[in-house]
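Subject: Structure for your review

Dear colleague,

Please find the structure below, followed by a description of what was found in it. I would be grateful if you could read the two side by side.

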Amino acid sequence: LQRSTAELLIDPHLPCRAKTNVMFLKTHKTGSSTILNILFRFTEKNNLTVALPANQLVHLGYPETFTTSFVEEFQTIGQNYNIMCNHLRFNRLEVQKVMAENTFYFSIVRNPVSQLESSYVYYKDAAPAFRTSKDVNEYLASPMSYYHKVNYKQNIYAKNNMWFDFGYDNNAEDDESYIQVVLQEIEQNFHLVLIADYFDESMVLLKHTLCWDLDDVIYFKLNSRKEDTVQTLTPESKERVKVWCSLDWKLYLHFNQTFWKRIQEVMGLEELEKEVNSLRARQKELMQTCLSDQRPVEKTHIKDKALLPYQSGAASILSYNLNQDLDNKTLRTCQKIVMPELQYMSYLYALQHPHKKRKQLGFPLFWNS
């Protein structure tokens with residue numbers, strides 16, 4: 001999988017060809033649902049195929065380590081998938097069986113301080129370690145009182161979750177030589193690791209690296225939550241996250257460094273700023289076209305129930321209301337850009353596997369076709 005950075009740099013004298021074989025490792029609480037939407041839209045626009053979860057699964061077997069059996073019809077279709085982007089726990093050898101040899105691999109990480117707080121609220125009811133503590137500060141004051149290794153499969157969100165998603169042991173000792181080996185391995189497996197804390201900059205870099213158009217990476221933020229469900233970490237708690245999730249912290253520090261190094265190689269900061277401004281201007285323009293409120297709204301205010309995202313834990317997940325007077329083509333574009341993850345996945349599944357039983361999501365869907 002290893003490619004030199006030089007191969008990925010854009011040579012101005014060569015025509016840039018859009019990459020259409022892409023594997024995205026969707027990490028948890030890192031803005032990855034927004035990237036999933038970008039990839040699903042690119043799939044549709046270019047008539048590509050996605051490696052979707054088999055039968056009634058909504059993830060590719062997560063939190064089990066990925067195997068090909070988690071992909072719908074892999075046995076029949078073999079390696080004919082262009083895009084892979086649903087949640088899975090990375091397993092290079094099995095993923096390589098599904099994806100073509102020239103596949104571009106990328107992922108995204110986030111500062112573990114905000115990532116853990118987001119996980120805490122979102123998975124409050126799912127993770128035993130979170131369930132019994134009052135709030136995130138109480139949990140971090142004494143994590144070992146709540147976190148028990150024996151429950152590690154239920155508690156993956158409660159410690160080094162990103163490390164786990166990349167396929168490693170989230171309870172491993174913080175050993176410098178082990179960490180270096182893992183970071184080197186991730187660099188070999190992934191051509192690019194983006195940073196959620198610099199999301200627009202990440203989208204610009206992704207656009208360049210994949211040779212895509214600006215509209216391919218335009219997004220409205222998905223799966224975000226209501227402000228009053230965000231818990232404020234004390235300064236002590238912030239420091240404790242870095243120790244409790246030290247593997248994730250080192251993962252983040254490392255890829256934050258490689259990210260800015262790549263920006264310098266590909267375009268430099270001045271060009272980056274120009275392109276980020278273009279992205280935001282286009283995003284604003286689309287928001288004015290598509291949205292009746294110029295911002296996401298809480299679940300009780302969402303008029304079209306087909307746009308209601310999955311609600312989890314104590315988080316109140318926001319979505320959008322569309323303008324009423326849109327022509328059909330614009331309406332379709334706007335619907336796609338705001339469509340929540342599960343609905344979009346279910347819709348593509350019905351298109352790709354029309355003879356299979358529909359995903360039972362308990363959500364109304366846009367189209368019966």
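Contact, as the word is used here, means heavy atoms within 4.5 Å. Helices (H or I, at least four residues) and strands (E, at least two) are DSSP runs, numbered from the N terminus. The model is a predicted one: local features need pLDDT of at least 70, side-chain atom pairs count only at pLDDT 80 or more, and totals for chains, interfaces and linings use all residues. Residues are numbered from 1 along each chain as its sequence is written, and side-chain values use heavy atoms, with hydrogens and water left out.

The sheet

An open sheet is formed by 4 strands in the order S2-S1-S3-S4, with parallel pairing; two strands pair if DSSP finds at least two bridges between them. Its edge strands, which each pair on one side only, are S2 (83-84) and S4. Strand S3 (residues 104-109) is joined to strand S1 (residues 22-25) by 4 bridges in the parallel sense, and Phe 24 stands opposite Phe 106 there. With strand S4 (residues 192-195), S3 also makes 4 parallel bridges. Leu 192 in S4 is the bridge partner of Phe 106, and Leu 194 is that of Ile 108.

Helix H11 (residues 199-210) touches S1, S3 and S4, and its direction makes about 155 degrees with that of S4. Helix H14 touches S3 and S4, at about 100 degrees to the direction of S4. For these angles, axes are lines fitted to C-alpha atoms, for helices over the stretch in contact, and angles run from 0 to 180 degrees between N-to-C directions.

In S3, 6 of the 6 residues are buried, where buried means under 20% relative accessible area, exposed over 50%, and partly exposed in between (1.4 Å probe, protein chains only). In a regular strand the side chains alternate between the two faces of the sheet. Phe 104, Phe 106 and Ile 108 are buried on one side of S3, and Tyr 105, Ser 107 and Val 109 on the other.

The nonpolar cores

A nonpolar core is a set of buried Ala, Val, Leu, Ile, Met, Phe, Trp, Tyr and Cys residues joined through side-chain atoms within 4.5 Å. The largest has 93 residues, of which Met 84, Phe 106 and Met 203 touch the most other members. Helix H14 (residues 246-266) gives the most to this core, with 8 residues. Apart from it lies another core of 24 residues, including Val 113 and Tyr 147.

Helix H10

Which residues of H10 are buried? They are Ile 179, Val 182, Leu 183, Ile 186 and Asn 189. Seen down the axis of H10, these buried residues fall within an arc of 125 degrees, so they line one face of the helix; the arc is that of the directions from the helix axis to the C-beta atoms. On the face turned away from the buried side are the exposed residues Val 181 and Gln 184. The cover over the buried residues of H10 includes helix H4 (92-98), S3, helix H9 (161-165), S4 and H14.

Yours sincerely
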